[in-house]
Amino acid sequence: MPGVADVNSPAVPTASWGRRIIALLVDWTLCTVLVILVFGLDAYTETGSTASFLVLPVYVVESALLTWLAGGSAGKLLTGLCVIPADGRLRRLNPVKALVRQIMVALVIPPLVFRADGRGLHDILAGTSTITFATLRTLVK
């Protein structure tokens, strides 16, 4: 039907999954290094140490905070990705939605369940899309 938006098509094209996985690996590495810097390598590698379990909460806080303030986690920004509202209107994300989105990512399964438009359950729940800087430039024009 002309004039009626398809609910399964995003307002903007989403980034590839390969690039998103690289961004996640960069984030995880940065968070691991941060935990090691704070607690020390010995504490991180010690059996039963809580330091190694802190990487996940550090990742959730880092990615939620930077997604809210800068439009993407450190890994996303370093790999040329950002998170915007799914409707394509450029505005800052709600901090609670950014936190819930990252908690969903930490649960692993929500990002693996996604629609044809490339948005996982975490993006659908938060009303977001992950796009490339190139796509962002077309929206800013």
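Predicted model: local features only at pLDDT ≥ 70, side-chain atom pairs only at ≥ 80, totals over all residues.
Q: Which helix supplies the largest share of the lining of the largest pocket?
A: Residues are numbered from 1 along each chain as its sequence is written, and side-chain values use heavy atoms, with hydrogens and water left out. Helices (DSSP runs of H or I, at least four residues) and strands (E, at least two) are numbered from the N terminus. Seven residues, the largest share of that lining, come from helix 1.

Q: Which residues are closest to the centre of the largest pocket?
A: A pocket here is an open set of points on a 1 Å grid over the protein atoms alone, where a 1.4 Å probe fits, with protein on both sides within 12 Å along at least five of seven lines; lining residues have an atom within 4 Å of a point. About 420 Å³ of space lies in the largest one, counted as the space filled by probe spheres set on points joined across faces, edges and corners. It has 20 lining residues, and the closest to its centre are Trp17, Arg20, Leu24, Val105 and Pro111.

Q: How many residues of the lining of the largest pocket are charged?
A: Helix 1 (17–39), helix 3, helix 5 and helix 6 each supply at least two residues of this lining. Sort them with Ala, Val, Leu, Ile, Met, Phe, Trp, Tyr, Cys and Pro as nonpolar, Asp, Glu, Lys and Arg as charged, and the others, Gly among them, as polar. The lining then has 13 nonpolar residues and three polar ones, and the charged residues number four.

Q: Which residues are closest to the centre of the second largest pocket?
A: Helix 3 and strand 1 (81–85) each supply at least two residues of its lining. By class, that lining has 11 nonpolar, two polar and two charged residues. The second largest pocket holds about 180 Å³ of space. Of its 15 lining residues, the closest to the centre are Ala70, Gly71, Val83, Arg91 and Arg92.

Q: How many residues in the contact of helix 3 with helix 5 are nonpolar?
A: The axes of helix 3 (residues 55–70) and helix 5 (residues 95–106) come within 8 Å and cross at roughly 145°, using lines fitted to C-alpha atoms over the stretch in contact and angles from 0 to 180 degrees between N-to-C directions. The contact (heavy atoms within 4.5 Å) includes Leu56, Tyr59 and Trp68 of helix 3 and Pro95, Leu99 and Ile103 of helix 5. With three polar residues and no charged ones there, the nonpolar residues number 11.

Q: Is His122 buried or exposed?
A: His122 is found in helix 7 (residues 121–126). It touches Arg101, Met104, Val105, Pro110 and Pro111, leaving aside residues up to four places away in sequence. Buried means under 20% relative accessible area, exposed over 50%, and partly exposed in between (1.4 Å probe, protein chains only). Because its relative accessibility is 4%, His122 counts as buried.

Q: Why does Leu107 count as exposed?
A: Leu107 has its place in the loop between helix 5 and helix 6 (109–112). Its C-alpha atom is separated by 16 Å from that of Arg119, 12 residues apart along the chain. Leu107 counts as exposed because its relative accessibility is 54%.

Q: What share of the 141 residues in the protein is buried?
A: The secondary structure comes to eight helices and two strands, in the order α-α-α-α-β-α-α-α-β-α. The C-alpha atoms fill a box of roughly 60 × 30 × 25 Å along the principal axes. Of the 141 residues, the buried share is 38%.
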